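Morning, everyone. Please bring up the structure and keep it in view while I talk.

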Amino acid sequence: MPRGALIVLEGLDRSGKSTQVDRLVARLNAEGHRARLHKFPDRTTAIGKMIDAYLRSATDLDDRAIHLLFSANRWECHAAIEKDLADGITVVADRYAFSGIAFSAAKGLDFTYCLSPDTGLPLPDTTLYLTLSPETAAQRGAYGAERYENVDTQKAVRAQFAKVAKEVARRHGDARWVEVSAEGSVEEVERDIWGVVEDVVRRVKDEPVGRLWE
Ligand code: NYM
Ligand code: MG
């Protein structure tokens, strides 16, 4: 059976990711590709509840401890994702290991350390990185109240995402990371994303799923 694709959307907070993942899943299904959305962090699991409490600042955790929990939250879902892919279902992930690296490295954790716990996860067939200037982000209104949702942190995270992009290209090839401008209208951004995804879904059908950082 042709497999599904693993498509990841990444970006800073307020980049419009959540709107776009919903539209992408709807579009895939409408065009006859079965597709399912997976949000990371997945706040519904026991580990996800610990992450949620941390993000709401209801609890404090050591930087390494929360980094590993975010990764564990992906590992507890990997079997379900791999099963979907094998069953021909395309998985659209709202964030993935790349957010894990960028947000933790932005706090000062060693970049190589940040990569390691996610090694061996299913490799995204493509990652669409939504880019937004700080000015446009500011125009979109105030950040939410969660941890990391402030201008200084987002700047530091942006710099780390640039390093992540290089690392993905170096280890897995240029085609795995695609920048998409999120400056345009919802429809414009949706069209640009679709242009990439339509192609990837067809192309990977008969290819094995790769392993992240391997
Ligand atoms: N985040 C997300 C991390 O710090 N590490 C991770 O591994 C992941 C997946 O959680 N500010 C951060 C990025 C976000 C926050 O995500 C919650 P969202 O998509 O805003 O609900
Ligand atoms: Mg957010």
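Start at Lys17. Setting aside neighbours within four places in sequence, Lys17 is in contact with Leu9, Glu10, Gly11, Leu12, Asp94, Arg95 and Leu130. This is a predicted model, by the way. Lys17 belongs to helix α1, which covers residues 17-30. Is Lys17 buried or exposed? Its relative accessibility is 7%, so it counts as buried, the cut-off being under 20%. Which side chain does the Lys17 side chain meet in a polar contact? That of Asp94, at 2.9 Å.

Now the sheet. Five strands make an open sheet, ordered β2-β3-β1-β4-β5, with parallel pairing. At the edges sit β2 (35-39) and β5 (177-181), each pairing on one side only. From one strand to the next, the twist averages 25°. Look at β1 and β4, residues 126-131: five bridges join them in the parallel sense. There, Glu10 stands opposite Tyr129 of β4.

Helices next. α4 lies across β1, β4 and β5, and runs at about 25° to β1. α7 also packs on the sheet and touches β1, β4 and β5. The direction of α7 makes about 140° with that of β5.

Last, the cores. The largest nonpolar core has 38 residues. Which of them touch the most other members? Tyr96, Phe98, Phe161 and Trp177. Elements that each supply at least two residues of this core include β1, β3, α4 and α7. Take Trp177: beyond its neighbours within four places in sequence, its contacts include Phe98, Tyr129 and Phe161. Another core lies apart, with 23 residues, among them Val180 and Trp194.

Conventions. Residues numbered from 1 in each chain as written. Chains lettered and ligands numbered in written order. Predicted model: local features only at pLDDT ≥ 70, side-chain atom pairs only at ≥ 80, totals over all residues. Heavy atoms only, no water. Helix = DSSP H or I, 4+ residues; strand = E, 2+ residues; numbered from the N terminus. Buried < 20%, exposed > 50% of the residue type's maximum accessible area, 1.4 Å probe, protein only. Polar contact = N/O pair within 3.5 Å; in protein donor to acceptor, adjacent residues only side chain to side chain. Contact = heavy atoms within 4.5 Å. Core = buried A, V, L, I, M, F, W, Y, C linked by side-chain atoms within 4.5 Å. Pairing = 2+ DSSP bridges. Axes fitted to C-alpha atoms, helices over the stretch in contact; angles between N-to-C directions.
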